[in-house]
Amino acid sequence: MSISPSATDAAELDRYVYIRRARCPRCASPDLKTQKTVDNGDDSITRETKCRNCEHRFFVVVE
Ligand SMILES: [Zn+2]
């Protein structure tokens with residue numbers, strides 16, 4: 001299946017939601033490793049994440 005949305009087609013614009021990918025808050029690298037995923041029970045999840053670039057550990061919350 002090919003995805004090639006036309007930017008000029010207004011009817012298509014409400015069918016795409018872009019989620020920005022998580023980046024390391026310390027070095028801004030997108031090269032992350034999820035170590036643990038916790039379901040918060042309210043349709044959101046918290047991911048315990050480690051940066052492969054600088055080894056910083058942090059939490060990514062996906063709402
Ligand atoms: Zn980092």
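Which residue in β3 does I45 stand opposite? I45 stands opposite V62, and the points below set that pair in the context of the fold.

1. Basis of the note. This is a predicted model, in which local features need pLDDT of at least 70 and side-chain atom pairs count only at pLDDT 80 or more, while totals for chains, interfaces and linings use all residues. Residues are numbered from 1 along each chain as its sequence is written.

2. Elements. The protein chain holds one helix and three strands, and from the N terminus on these elements run α-β-β-β. Both kinds of element are DSSP runs numbered from the N terminus, a helix being a run of H or I of at least four residues and a strand a run of E of at least two.

3. Sheet. The three strands form an open sheet in the order β1-β2-β3, with antiparallel pairing; two strands count as paired if DSSP finds at least two bridges between them. The edge strands are β1 (32-39) and β3 (57-62), each of which pairs on one side only. From one strand to the next the twist averages 25 degrees, where axes are lines fitted to C-alpha atoms, for helices over the stretch in contact, and angles run from 0 to 180 degrees between N-to-C directions.

4. β1 with β2. Seven bridges join β1 to β2 (residues 45-51), and the two strands run antiparallel. Within this pairing, L32 stands opposite C51 of β2, and K36 has E48 as its bridge partner in β2. The hairpin of β1 and β2 has five residues between the strands, and in this hairpin G41 takes a positive phi near 85 degrees.

5. β2 with β3. Six bridges join β2 to β3, again with the strands running antiparallel. Besides the pair named at the outset, T49 has F58 as its bridge partner in β3. The hairpin of β2 and β3 has five residues between the strands, and here the residue with a positive phi, near 70 degrees, is E55.

6. Buried residues make up 3% of the 63 residues in the protein chain, a residue being buried if 20 or more other C-beta atoms lie within 10 Å of its own, exposed if 12 or fewer, and partly exposed in between, with C-beta atoms placed from the backbone. Of the contacts in the protein chain with a separation of 6 or more, 27% are accounted for by residues 24 or more positions apart, two residues being in contact if their C-beta atoms, placed from the backbone, lie within 7 Å.
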